[in-house]
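Okay everyone, thanks for coming. Let me put the sequence and the model up, and then I'll walk you through one chain.

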Amino acid sequence: MVDLLQQVFNGLVSGSFYALLALGLAVIFGMLGVVNFAHGAFYMLGAFGTYILLDSWGLGFWVALLVVPPVLFVLGLVLERTLVHRLRELDPLYGFLLTFGVTLILQDLVRREYGVQSQPYQAPSALSGSVDFGLFDYPTYQVFVLVFSVATCVLVWLLFTRTRVGVVVRAATERAELTRALGIDVGRWVTPVFGFGIALAGLAGVLAAPMRAITPLMGADLIIVVFAVVVIGGLGSIFGSVVAGFVVGMLQAVANLYVPALSQTLVFVLMAAVLLWRPAGLFGREERVA
Amino acid sequence: MIARRLGLGWLAVGLAAAVALPWLVYPPVALDIACWALFAVALDLLLGFTGLLSFGHAAFWGSSAYATGLVAIHTGLPFPVAVLAGAVVAMVLAVPIGVLSVRRTGIYFAMVTLAFAQTVYFGANQWRSVTGGENGLQGVPRELGGVDLSDPFVFYYFALPLVLAGLFAAWRVVRSPFGRVLVAIRDNPARVRALGYPVERYEVLAIVLSAGLAGVAGGLFAVGHGFASLQEVYWTTSGKVVIMTVLGGIGTLWGAAIGAALLVLVEDQLATAGFDGINLVTGLVFVVVVLLFRRGIVGTVRHLLRSRRGRGLPDPEPGVEPASAPEVEPVR
Amino acid sequence: MRKRTTRALAVAATGAVVLAGCGRGGPGGGDDEKVTGGKLVLAVLNDQSGIYADLSGKNAVTAVQMAVDDFKARHADKAVAAEIEVVSADHQNKPDIANSKAQELYDRQGAAVILDVPTSSAALAVATQAKQKKKLYLNVTAATTELTGAQCNKYTFHYAYDTWMLANGTGRTVTEQGGKTWYIVYPDYAFGQDMQKSFTAAIKAAGGSVVAADPTPFPNDNFSTFLLKAPTLSPKPAVLGTMQAGGDLVNLVKQYNEFKLREKGVDLAVGLMFITDIHSLGPDAFAGTTFTDAWYWNFDKQNREWADKFQAKTGTRPSFAHAGDYSAATQYLEAVQRAGTDNSDEVVKALEGYKFSDFFARNAEIRAADHSVVHDVYLAKVKSKAQVTEDWDYEEILKTIPASEAFRPAAESGCSMGG
């Protein structure tokens, strides 16, 4: 029983990364209709940024947490303005292909600079050690990751439902024409929202740095799983993507315990099941074409 | 009339190039070009003519590579039979994948195919007693009666007829009434449905045909290399063939072959020169093509020729949707 | 119109037949044999841009070049080949690329021998090519025992290490030193499975037991499942044996430290570790870990001398792979010298049964039965950062395992040298 509880907790932690990345992906898709293949690459840049801050400037984890997401926000703005923007009027297929090309470029640039060996990064000392949950204890840092991720998701949810800015963006996402008809300039929100999604990916990268191997390809296989997660949750649904992220994380961890051979295929099997039973995803409503 | 003559002229040029290839480049590279060309053309059948972006086509190329290899190793049948067997396996695999994938459209379809291909990848990895897992399937023989095919130069000429047959099949499909329905589906699925066609069934059939051709290509690749590995079912292979098709020109069919030849040659040159950054170059090429040359090489050439001749017919870029009211498609 | 079509097609078809029939003058056809006294080509096939780029990579090419230069200096005018060239290729740790590159090196570049080749799957692919092309292949950097076992062939030799040697070194010694109960974690692919089998056998032979053995996905960056499981097993394992390599190992060790398993009484033994891994994470992450190394640059004066020469050329200290490549290249060249020709069969005869001792392979013999090159190996312990006196000085050698004990006995290899 304790084993299982530990594993579920474990799964929630790895689910945090899925959820954060799925959230960013869903936000970008909702606003731009673009499926950002480069999302994994920006996650990787977030982790590398964290490493570089420490390695080159001696700035630790907490600074990275504050500095890296905004930097990636700006990077996202630049990317959208220069490249993605030009494909706005076209088939979203092109946005997908463009971001795929960007992924190859970013990964190779980082690889040429830093090689493929993973870079060392320790968790901040304030978060070292473990937390005793009575039945089991767990590394403090991972507990922090879980709490922080959940808090971020909740914050983003509140942002979208309670603040005026958020409501406008959501309206622009789901009913663009209607929103325009009400006199709201939808276009000006596109770039900042893209940047915001990228910043979320970067945030996930910062959180991953002390826990995962920091390598140029760290986002590459992850992004494919995240794609499956958002299909399961429903690409149009922000809530669905986050929930699916945590659920998939948990299921994978439990599968790792009982049927390790299948744990990697699991998410794709789930995806097939969702497609058969509920093609819009668990929480999706309708399929949107930009 | 003129068009037909020009068309025949291009055909002769293409055939001559195909025949002369092993004289111009290192023969194994020539074989690679031929295989990838067929693979890319198969993808274009789906992407350019049916409007479906499959980002998981490696599942078909790779599963056929393994199946062909296994048949060749365990039965010693002539390699064309093994390749055909591989293609059949790919087509059988394409049925469930196709049926499930067409429940989504557009970019969802791409993501779903990508995820299915990953499933095939993990499956191949797990089933290592059969596929060899990480080690790959080694020692795939080249049998053809008693003919000695060990020289890659010779093997190319025996493989070429199969490749040409596949290309010819693709061409016939595109020219057939079935092909016209596919194009109609690409342009306006709702209208086609209104006309009473079972759209999903046509799409699945297109996927199966495309998988079959990709299977022929993958099977030849395996026999040519004597090897089938997990790389053949990995998503980067799916990405590579998409790049080739886009580079050559979506919806031009032959553009895909040219894109394939170009990419394989460039990669070979870079590797031989010891350049470290092939992915960087590939990514850059891709970004440039998607931003500026969406018609691809052949598409741009055709466009230039047409505008020069002042035909005045509309020549829209492939897959462009009018920037009007956003469509909300019903879920199938 | 139809006449024109037919004519065009007929011309094309005839042209095709003529060209195809016209002999095969294209590159790749024709004569592969190198004329003795002409040019000898040594090829280094390894990973130059991926996880093993530091382990061997481009510096391995330098090491082989050093061997060539030293050979020429040693033999001067009497050298069997006046011109010796070193070429290299990158296989990116992929067996399909290794397969193609090996072909290319043998055919297109006229290589007489291929050296290095890390990554077991790639190593096996090259062995198949060596057998087909009847050209030599001296593997230095891969771990699979298959090279001298079920997949052995006349032209393939295996230098430096394999999973049996690792298991026997680390597994047996750690068990003998008190780590009787083991929990083995291994990556779920050929190498990992091989390691798990080898280690289990070695541990049992030394009187220990394996409480549990779990396969992990490969590659994997989250080992919490297994690390959490370790202390809860019954009986609690004294040792966690990890068979991960490269990036996976780095991840696992990171998380092992995070979960504080050592404090919980579960020690760490690493199946396969390279000095480059220690360098990558820093010695403190691995401090106290025991492992088997084929060669250490700071072991004695002889090694250090060579390491200094190497450092002068590359700016860094050598790993066992660099030293091994130097040694393999030297032994190949010396064998050619002895045979007086580069004819593969003659060189194989010159290599088989040859006994030698150079700075890399002490008390070595190139076994005829399975083409395994046996030599002394070392049991090492990772120093803590405080003990490290200079760059790369990470290892404390606990003991030397003599050649006669270090490698799998030829009788157990399962190799039948059919040719």
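So, how many of the eight residues of strand E1 (residues 39-46) of chain C are buried? Six of them are, so to speak, tucked in, and the strand counts as mostly covered. Buried here means that 20 or more other C-beta atoms lie within 10 Å of a residue's own, exposed means 12 or fewer, and partly exposed is in between, with C-beta atoms placed from the backbone.

Quick housekeeping. This is a predicted model, where local features need pLDDT of at least 70 and side-chain atom pairs count only at pLDDT 80 or more, while totals for chains, interfaces and linings use all residues. Residues are numbered from 1 along each chain as its sequence is written, and chains are lettered from A and ligands numbered from 1 in the order in which they are written. Helices (H or I, at least four residues) and strands (E, at least two) are DSSP runs, numbered from the N terminus.

Back to E1(C). Strands of a sheet pair through backbone hydrogen bonds, either parallel or antiparallel. For us, two strands pair if DSSP finds at least two bridges between them. E1(C) runs parallel to strand E2 (residues 83-90) of chain C, with eight bridges, and parallel to strand E3 (residues 113-116) of chain C, with four bridges. Look at Val44(C): its bridge partner in E2(C) is Ser88(C), and in E3(C) Val44(C) stands opposite Leu115(C).

Between E1(C) and E2(C), follow helix H2 (residues 57-75) of chain C: the three make a right-handed β-α-β unit. Right-handed means that, with the strands pointing away from you, the path from the first strand over the helix to the second runs clockwise.

Now the other sheet I wanted to show. It's open, with three strands in the order E11-E12-E13 (chain C), paired antiparallel. Its edge strands, E11 (355-356) and E13 (373-374) of chain C, each pair on one side only. Strand E12 (residues 364-366) of chain C pairs with E13(C) over two bridges, and there Ile366(C) has Val373(C) as its bridge partner.

Zooming out, chain C is divided into domain 1 (39-161 + 297-375) and domain 2 (164-293), with bounds from an automatic or database domain assignment. Their C-alpha centres lie 29 Å apart. Where they touch, 11 residues of domain 1 of chain C are in contact with 13 residues of domain 2 of chain C; contact means C-beta atoms, placed from the backbone, within 7 Å.

Conventions:
Contact = placed C-beta atoms within 7 Å.
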